[in-house]
Amino acid sequence: MRALWWEANDKKLSFVEDAVEPTVTKPDEVKVKVAFSGVCGSDFHFMGGEMGKFSTKPDGVVLGHEFSGIVVEVGTGVENIKVGDEVSVDPNFCCENCVWHEEKKPQFCERNVAVGVKQNGGWAEFCVVPNKLVYKLPETVSLDGGALAEPYSCVLRGWKLMDQLPMKTAKVLIQGAGIIGSMFACLFHVKGYNNVTICEPHEGRRNTCSGLGFGYDVIHPQELDLLMAGKDADTHGFDVIFDCTGNCKAVQKTISLARRGAFISMFGCCPAGEKIEIEPFQIYWKELKISGSFINPFCFEEAVGMLKILNEKNLLDLNKIGVKIFELSDFEAAFASLKRGDAAKAMFKM
Ligand SMILES: [Zn+2]
Ligand SMILES: [Zn+2]
C-alpha cells in the first residue's frame, strides 16, 4: 500500500508504494481504509526531534494521527463498529494499568502507544487500531470534516482547562490564525463570545479567519502593538489568551498583554528546550492562571458531536477554514504550503 514512512534514525520521510498492508490480528481490532489524513504542527516537531520524551517509534513508523476513513474489517470481538461505518480515530490511549489511569489523567500515561507516533498511523491507505479508539461520524458529517475530530478534541481540551468560563463579554485574544487559531475562533463563536481578537502576521491566514464572518478583529501583530500602546494592560488587557503559535516570542509577549485575573493557555507547542523570560512578579500581581494543554483526554466523543454543530453552521467547509488537500505523494508540496503559510492546514486525500 501507499504510505509515508518516517525513519527516525535517518530523519527521513519517504513516500513508498510497497508498505505492508496491516491486517486485523486481534479480536478488538478495526481496519480503517483511510480517507483523509491531516498534517499536524506536532508532526513537524516529531520529525524535528523537538517533542522531548514524546518521540516517534525509533525504528520507523507511519506518521499521521488525524484521520478519518471507512471500516473495512473488524475483529471478532468488535460490537460498536461495523464494516462500512465512516469513522474518525482517536490516536491516544492509556495502558489503563498505571498511576495516571487511577488518577484519571490518561494523557500522561507513559505507555501511550499513540497511533501515528508510536505505532503506524494514517499517512497510509490502511490503518489497524483498537476499537476503543474508533468513533462513528454523525451522518451529516463528511469524511473530510471528520478528519478534524482529533484537532478539535485537543482544542476542546484546551477550552475545558479554563477553570471557570469567562463572561461572554470577556476580552479574548487568540494568538495565531493557523488551523488551531481558527478552530478556537469557531469555538468562541459557537459558545457566543463577541469580543474576540485574532492576531496573525500572515495576510492569507488573516483573510481566511476574517472570512469566517464572525465579526472578530483579525489583526497583524504590529496592529496589536498599536492597539495596546499607552494602555495599562492591568485593566485594558485581555481576560483570556490562547497562544496557538508555539512561538516563544509570541508566548513571552502574552504576559504583557494579559489583564489582571487573566487565563492564559499556552496551547501551541514550543520546541522542547527553548526558553522564554518571564517576570514572576507579573504572575503574582495579575493573578495569572497559566495553563498547558496536552492532547485530548475525555474529549474525542464530544469533539465528534461538535463536528455536527459546526457543520450545521457551515464551519466544516475545509476550503473556508483554510485546509488544502494534497495527494500523499505530494507531501513535500503540502509541507511547503504550510511553511509559506498559505495553507492553514494540509490534508492528504487517500
Ligand atoms: Zn495533532
Ligand atoms: Zn498507562
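## Burial in helix α9

A residue counts as buried if 20 or more other C-beta atoms lie within 10 Å of its own. The model described here is a predicted one. By this criterion, helix α9, which spans residues 248-257, has the buried residues Ala250, Val251, Lys253, Thr254, Ile255 and Leu257.

The elements against which these buried residues of α9 pack include both helices and strands. The helices are α7 (221-228), α8 (233-236) and α10 (280-286). The strands are β9 (172-175), β12 (238-243) and β13 (258-266).

## The buried face of helix α6

Helix α6 comprises residues 203-210, and within it Arg205, Thr208 and Cys209 are buried. Viewed down the axis of α6, the buried residues fall within an arc of 95°, and they therefore line one face of the helix. An α-helix has 3.6 residues a turn, so residues three or four places apart point the same way.

The cover over the buried residues of α6 includes helix α5 (179-190) together with strands β10 (196-199) and β11 (217-219).

## The crossing of helices α4 and α11

Helix α4 (residues 149-160) and helix α11 (residues 300-312) have axes that come within 8 Å and cross at roughly 115°. Angles of 65 to 115 degrees count as roughly perpendicular, and α4 and α11 are therefore described as roughly perpendicular to each other. Their crossing is right-handed.

On the α4 side, the contact is formed by Ala149, Tyr152, Ser153 and Leu156. On the α11 side, these residues meet Phe300, Glu302, Ala303, Val304, Met306 and Leu307. By class, the contact of α4 with α11 has 8 nonpolar residues, 1 polar and 1 charged.

How values were computed. Residues numbered from 1 in each chain as written. Chains lettered and ligands numbered in written order. Predicted model: local features only at pLDDT ≥ 70, side-chain atom pairs only at ≥ 80, totals over all residues. Axes fitted to C-alpha atoms, helices over the stretch in contact; angles between N-to-C directions. Helix = DSSP H or I, 4+ residues; strand = E, 2+ residues; numbered from the N terminus. Parallel < 35°, antiparallel > 145°, perpendicular 65-115°, else oblique. Left-handed = near helix turned anticlockwise from the far one by under 90°. Contact = placed C-beta atoms within 7 Å. Nonpolar A, V, L, I, M, F, W, Y, C, P; charged D, E, K, R; others polar. Buried ≥ 20, exposed ≤ 12 C-beta atoms within 10 Å, placed from the backbone. Arc of directions from axis to C-beta.
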